[in-house]
Amino acid sequence: AVDAEYGEQDWTQFGPATDEPGGLSFLEEHHPAISDDAKQNVFHTKSVMECCIGRFLSNKPWIDPNGRLGAHQSDNASNYRDAILVTDNHALGSHVFNEPGMGKDEGDANGGINKRGLKRLRDSS
């Protein structure tokens, strides 16, 4: 049905469909983005999030950008707590905040690894 409405899609990147053996019922994707968090205010954060969400939705025309299907998870930093972050961002339906011990350290560690890799890539070109 999606192919008929939006054109041929490359479904191999998503694995088996939910009604096929081994198919997933929930799809989660992670998209690292680099920004200078230490100097950001809520408007910088909002700009980065809107850009990332726009990029994510750009190759998934079947996802309604106004459908509030997405969720965002963050720590309790002030630039993520401000309501302006999700105001008029129709793709986000839920905003979950971590509490101490809920995995923020793992996210920060992964972020640090991603940043080093992207800096090496940048500096090698």
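This is a dialogue on how to read the features of a predicted model.

Visitor: Where do I begin: how many helices and strands does the protein have?

Guide: Begin with the elements and their order. The protein has four helices and two strands. Starting at the N terminus, they run α-α-β-α-β-α. Keep in mind that the model is predicted.

Visitor: What share of the 125 residues in the protein is buried?

Guide: Buried residues account for 15% of the 125. The accessible surface of the protein is about 9300 Å², and carbon and sulfur atoms hold 54% of that surface.

Visitor: Which residues make up the largest nonpolar core?

Guide: The general idea comes before the case. In soluble globular proteins, nonpolar side chains tend to be buried together. Here the largest nonpolar core has eight residues: Val42, Met49, Ile53, Leu57, Tyr80, Leu85, Ala91 and Leu92. Helix 2, residues 42–58, supplies the largest share of this core, with four residues.

Visitor: Which residues is Leu85 in contact with, beyond its neighbours within four places in sequence?

Guide: With those neighbours set aside, Leu85 is in contact with Val42, Thr45, Lys46, Met49, Asn79, Tyr80 and His95. For Thr45, the sequence separation from Leu85 is 40 residues, while their C-alpha atoms are 7.4 Å apart.

Visitor: And from the side of Thr45, which contacts are there?

Guide: Thr45 belongs to helix 2 and is buried, at 2% relative accessible area. Leaving out neighbours within four places in sequence, Thr45 is in contact with Gln40, Asn79, Tyr80 and Leu85. Ser35 is 10 residues from Thr45 along the chain, and the C-alpha atoms of the two are separated by 8.5 Å.

Visitor: Now the charged groups. How many salt bridges are counted?

Guide: The count is one. Lys46 pairs with Glu50, and their closest N and O atoms are 3.1 Å apart. Both residues lie in helix 2, four residues apart, which is about one turn of the helix.

Visitor: How do I read aromatic rings, and how many aromatic pairs are found?

Guide: A pair of aromatic rings is described by the distance of the centres and the angle of the planes. In this case a search of the whole structure finds zero aromatic pairs.

Visitor: Which residue lies over the face of Phe56?

Guide: Lys60 does, at 4.1 Å from the ring centre.

Visitor: Where is Glu29 placed?

Guide: Glu29 is in the loop between helix 1 (2–6) and helix 2. Its relative accessible area is 30%, so Glu29 is partly exposed. Glu29 and Phe56 are 27 residues apart along the chain, and 9.3 Å separates their C-alpha atoms.

Visitor: One last residue. What does Tyr6 touch?

Guide: Tyr6 touches Pro61 and Trp62, not counting residues up to four places away in sequence. Tyr6 itself lies in helix 1 and is partly exposed, at 36% relative accessible area. From Tyr6 to Lys60 there are 54 residues in sequence and 9.2 Å in space, C-alpha to C-alpha.

Key:
Residues numbered from 1 in each chain as written. Predicted model: local features only at pLDDT ≥ 70, side-chain atom pairs only at ≥ 80, totals over all residues. Heavy atoms only, no water. Core = buried A, V, L, I, M, F, W, Y, C linked by side-chain atoms within 4.5 Å. Buried < 20%, exposed > 50% of the residue type's maximum accessible area, 1.4 Å probe, protein only. Phe/Tyr/Trp six-rings, centres within 6.5 Å; stacked < 30°, edge-to-face > 60°. Lys NZ or Arg CZ within 6 Å of the ring centre and 35° of its normal. Contact = heavy atoms within 4.5 Å. Salt bridge = Lys/Arg side-chain N within 4 Å of Asp/Glu carboxyl O. Areas by Shrake-Rupley, 256 points an atom, 1.4 Å probe, with all protein chains shown as cover.
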